[in-house]
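Subject: Structure handover

Hello,

Here is the structure I promised to pass on. Please open it and keep it beside this email while you read.

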Amino acid sequence: MSEPGNIALQTTNLVVGFKQDKLEHVLFEPLSLALRQGELVCFMGSNGVGKTTLIKTLAGIQPSLSGTVTTHDAVALVLTDKISGTWMTVRDLVTYGRYPYLNWWLSLTSEDHLIIENAIRHVHLQLIADKQLNQLSDGQLQMAMIARALAQNTGILLLDEPTAHLDLNNRVEIMNLLRMLARETGKTILVATHELDLALQTADKIWLATPDRKIVEGIPEDLVLNGTFDDVFNLKGFDLKTGKITHTPYRKISVQLEGTGAEYLWTKNALERSGYEVTAHASTSIHILMDDNSTAWNLVRNHASSQYNSLHDLLNELKR
Amino acid sequence: MQKYPASFILPLLAAGMGVLFVVNISIGSVPIPVRDVLKALFADTGTYSEIVWQFRLPKAITCVLAGGALATGGLLMQTLFRNPMAGPDVLGLTSGSSLLVAMLLMAGRYGSSIANLIQSPWSIAIAASLGGAIVFMLIISVARYVRDNTALLIIGLMISAATSSVVSVLQFTSQADDLQTFMIWMLGSVGSTGWSELSVLAIVILAGLAISISLVKSLNGMLLGESYARSLAINVKRSRTLVVIATGLMVGAVTAFCGPIAFVGLAVPHLVRLLLPVSNHKILIPGVALGGAILLLMCDIVAQLPGSTQVLPLNAITSMIGAPVVIWMVIKAKRISV
């Protein structure tokens with residue numbers, strides 16, 4: 001394996017796309033990109049922009065139209081392709097990772113068995129390793145697919161939408177696993193995704209496919225601040241710079257809020273969500289009162305003061 | 001689901017096949033006691049030696065070979081198309097074989113000087129294999145454009161119908177005695193193979209089986225789809241060609257000598273997976289081959305109508321036993337899968 005930070009995969013004037021009826025459909029301008037060892041890169045872009053095609057071309061299973069891909073390490077893939085063989089167990093599926101190293105009769109050595117069990121342990125599927133694939137949840141199946149790629153023991157891992165159709169919990173688990181793999185095992189990982197929030201919080205670097213068919217490279221924060229994300233995703237009502245959904249203070253009422261910690265943040269959230277503007281000085285004010293085991297909200301309005309034990313009651317009173 | 005390991009089920013299937021093999025030989029227009037069957041087989045003595053060696057043994061061996069070949073061909077096709085309803089008869093391979101065999105027989109009639117050459121067992125086997133392989137390649141090229149499983153089956157049925165209609169035209173123009181031969185052949189029979197045909201059948205089928213076994217890794221890889229298979233360093237194009245050759249050989253040879261036997265290729269892989277719920281072709285190929293042999297031995301026993309001198313057409317029996325089984329499986333399992 002190469003030194004940390006060395007180039008693991010590089011493209012030179014790579015043109016990806018496909019041929020249909022002798023016509024070339026080019027998806028991007030010529031690409032000169034690099035993945036460095038131990039990096040977690042999220043490849044983002046709207047649906048249908050050509051993320052899958054680029055990943056397959058990088059992996060060498062789809063020919064490029066021109067240009068080259070240079071890999072300094074072997075590549076394993078996790079795709080969105082539906083697989084058959086519902087009778088196979090998780091362990092059978094992970095065993096596929098060893099196929100490039102096995103003979104035609106698929107004789108497994110003790111080392112192969114060790115690698116397979118390690119891959120299963122990495123994704124925490126030991127307890128269901130003998131379950132058949134049709135008994136797994138979507139999240140478990142995706143984890144098994146990742147374990148299969150891990151068993152291939154490659155330096156580079158390319159994943160196409162590994163978190164699609166999963167709930168938030170599974171999405172976070174998968175991104176954390178990839179983060180950990182890049183950091184601890186030095187794998188170079190490229191994840192195609194359109195999950196903005198997860199990518200921003202886990203990626204070392206972003207490849208962003210822009211509408212003018214280029215791929216912009218950068219660390220997440222730079223791309224947020226210089227507005228590239230806004231251009232690509234055409235964000236509607238989501239303020240990337242604060243990481244929140246923009247609210248319109250439609251009630252035209254300002255509220256002064258005093259308090260600290262999580263209680264302050266969530267009270268502010270509740271107020272803004274309900275159409276109030278939270279400002280430093282206003283005639284209506286709310287104090288968050290906290291002692292060791294309870295929280296209460298003190299509302300001062302029109303020189304009258306009242307106290308509430310839940311935000312629900314507070315909001316109801318405010319609306320009057 | 002997996003109640004018993006393959007190391008238990010496979011020998012069980014082999015033993016079952018052995019028992020049915022002996023029972024199959026003992027049943028016929030003249031019932032032969034099992035003791036005399038064994039005596040004739042191993043010592044070549046006894047009153048029944050002639051019947052056993054000249055008629056019953058070739059027929060039983062044909063059952064084993066044909067059943068194993070059709071079932072393995074069905075498994076290969078289901079894996080290649082990743083479609084549980086694929087099979088040599090469903091997708092028109094047997095019709096393709098029938099067409100070339102019919103054409104060969106007609107050519108033999110009109111070019112009488114080369115008739116003997118043309119109608120040797122070898123040329124019939126080669127023509128039938130070629131016919132099956134051509135239809136298979138046709139279906140594969142169509143499958144590139146049609147990703148939908150149901151559409152593929154409909155196209156298979158249409159190809160099957162088209163080739164069958166050409167066969168009917170050939171029948172219509174042929175003479176009465178030819179027609180009768182052809183009709184009997186269409187009904188399916190394992191009883192018309194002598195030792196010379198049998199040796200051709202065995203060589204061709206064993207070659208097809210050997211190719212299938214050499215493809216274990218690629219067949220497993222195909223279950224994950226073409227992209228994954230390629231990323232696992234499997235040569236998909238080459239493997240696909242070899243699957244076509246192996247299936248063409250096995251299905252073609254059976255169709256040439258036994259007629260277009262329906263249902264075995266489609267149903268046996270699913271029946272075997274009730275006992276062996278696995279996806280690994282290392283276990284599936286021997287399991288399915290044994291299962292096919294068992295099913296055809298059983299069907300032939302039923303076709304003999306024990307206690308009667310009548311023999312029913314084999315095709316009627318395979319469909320009569322098979323169709324309800326598949327319907328039952330679809331209803332019970334809600335869905336069947338590769």
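Below are my notes on domains, sheets, helices and the chain contact.

**Ground rules**

This is a predicted model, in which local features need pLDDT of at least 70, side-chain atom pairs count only at pLDDT 80 or more, and totals for chains, interfaces and linings use all residues. Residues are numbered from 1 along each chain as its sequence is written, while chains are lettered from A and ligands numbered from 1 in the order in which they are written.

**Domains of chain A**

Chain A splits into domain 1 (7-239) and domain 2 (254-319). The bounds come from an automatic or database domain assignment. Between the C-alpha centres of domain 1 and domain 2 of chain A there are 45 Å.

A few terms come first. Helices (H or I, at least four residues) and strands (E, at least two) are DSSP runs, numbered from the N terminus. Two strands pair if DSSP finds at least two bridges between them. Two residues are in contact if their C-beta atoms, placed from the backbone, lie within 7 Å. Axes are lines fitted to C-alpha atoms, for helices over the stretch in contact, and angles run from 0 to 180 degrees between N-to-C directions.

In chain A, 6 strands make an open sheet. Their order is S7-S8-S9-S5-S10-S11, with mixed pairing. Strand S7 (75-78) and strand S11 (215-218) of chain A are the edges, each pairing on one side only. On average, neighbouring strands of this sheet are turned by 15 degrees against each other, direction ignored.

Look at strand S8 (residues 156-160) and strand S9 (residues 188-193) of chain A. They pair in the parallel sense over 5 bridges. A:Leu157 has A:Ile189 in S9(A) as its bridge partner. Helix H1 (residues 51-58) of chain A packs on the sheet. H1 touches strand S5 (40-44), S8 and S9 of chain A, and its direction makes about 155 degrees with that of S8(A). Helix H5 (residues 168-185) of chain A also packs on the sheet, touching S5 and S9 of chain A. The direction of H5 makes about 160 degrees with that of S9(A).

**The sheet of five strands**

Another open sheet in chain A has 5 strands, in the order S15-S14-S16-S17-S18. Pairing is mixed here too. Its edge strands, S15 (277-279) and S18 (304-308) of chain A, each pair on one side only. Neighbouring strands of this sheet are turned by 30 degrees against each other on average, direction ignored.

Strand S14 (residues 254-258) and strand S16 (residues 284-290) of chain A run parallel, joined by 4 bridges. A:Glu258 stands opposite A:His287 in S16(A). Helix H9 (residues 261-273) of chain A packs on this sheet. H9 touches S14, S15, S16 and strand S17 (295-301) of chain A, with a direction at about 170 degrees to that of S14(A).

S16(A) and S17(A) run antiparallel, with 6 bridges between them. A hairpin of 4 residues links the two. A:Ser285 is opposite A:Val300 in S17(A). In S14(A) and S16(A), A:Gln256 faces A:Ser285 as its opposite residue.

**Chain B**

Start with helix H1 (residues 6-26) and helix H2 (residues 34-43) of chain B. Their axes come within 9 Å and cross at roughly 100 degrees. H1(B) and H2(B) are therefore roughly perpendicular (65 to 115 degrees; under 35 is roughly parallel, over 145 roughly antiparallel, the rest oblique). B:Val22, B:Ile25 and B:Ser26 of H1(B) meet B:Val34, B:Val37 and B:Leu38 of H2(B).

Next, B:Gly188. This residue sits in the loop between helix H8 (176-186) and helix H9 (195-214) of chain B. B:Gly188 counts as buried because it has 26 C-beta neighbours inside 10 Å. The cut-offs are 20 or more other C-beta atoms within 10 Å for buried, 12 or fewer for exposed, and partly exposed in between, with C-beta atoms placed from the backbone. Beyond four places in sequence, the contacts of B:Gly188 include B:Cys258, B:Pro260 and B:Leu314. Its C-alpha atom is 8.4 Å from that of B:Ala316, 128 residues apart along the chain.

**Where the chains meet**

The contact takes 23 residues from chain B and 21 residues from chain A. On the chain B side, helix H10 (216-222) and helix H11 (226-231) are the elements that give two or more residues. H11(B) gives the largest share, 4 residues.

Best wishes
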